[in-house]
Amino acid sequence: MQTIYVIGDSTVENGNDPYYGWGGQIAGFLPDVRVDNHAFSGRSSKSFWDEGRFVPVAEGMRQGDLLLISFGHNDEKDDVERHTDPETTFPEFLMRYIAAARAAGATPVLCTSVSRNFVAENGFVMYTHGDYPHAMRVLARQENIPLIDLEMLTRELLKELGAQKACELFVNIPPHTDERFPDGVADKTHFNIHGAKTVAEMVVNALKEKQLLT
């Protein structure tokens, strides 16, 4: 059975109510494929590697498996533990994961970061990831690696939904409706279960279109 390994940040991890990542919802669309999601909140391409979180993935990958790689949200952060430069260290760390996948006979798949929910009333969706998605696109072309451009796909979806409907994909809890969050939540980055499933389906459809599923 083919295994899909997933690495990334909080937008990708399995999550817990009310916060969910798309990586934890892939299996629901692929009953005949094993999904092993190692994504973890707050991690960048650098900190995920430095903390040794990739070790079990590298040891587990086999011929024919897939490795979905989605970083960028936390690579943007200023702290030394996570920050990477989009032109140098970001692609360098991505190449470590790519090389490990190739060495194991697995196929690496680059996934750009999902768009944040900054939708203006006129439908414009703010770009919030700087040069990181572009850097990933460039690397995918240079290394002939399959790319799922989630920044573009989710941006188009948010534009289509509009400012009000787009909020239904993210964690939005009115004040005094959930005792866990008495002041409410209006999150523009993290998905609720509906949003996570929506993006997971995008990923699965892209994998099918690229004929990467066996």
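Q: Why does E51 count as partly exposed?
A: In this predicted model, E51 has 41% relative accessibility. Partly exposed lies between under 20% for buried and over 50% for exposed. So E51 counts as partly exposed.

Q: What makes E51 and R53 a salt bridge?
A: Their side chains meet at 2.6 Å, N to O. The cut-off is 4 Å, so the pair qualifies. R53 is partly exposed, at 26% relative accessibility.

Q: Why is the contact of E76 and R116 called a salt bridge?
A: The N to O distance is 3.7 Å. The limit is within 4 Å, so the pair counts.

Q: What does the pair of E76 and R116 tie together?
A: E76 sits in the loop between β5 and α3, R116 in the loop between β6 and α4. The pair therefore ties together parts 40 residues apart in sequence.

Q: Why is E151 called buried?
A: Its relative accessible area is 6%. The cut-off is under 20%, so E151 is buried. E151 also forms a salt bridge with R137, the closest N and O atoms being 2.6 Å apart. That pair links helix α5, which holds E151, to helix α4, which holds R137.

How values were computed
Residues numbered from 1 in each chain as written. Predicted model: local features only at pLDDT ≥ 70, side-chain atom pairs only at ≥ 80, totals over all residues. Heavy atoms only, no water. Buried < 20%, exposed > 50% of the residue type's maximum accessible area, 1.4 Å probe, protein only. Helix = DSSP H or I, 4+ residues; strand = E, 2+ residues; numbered from the N terminus.
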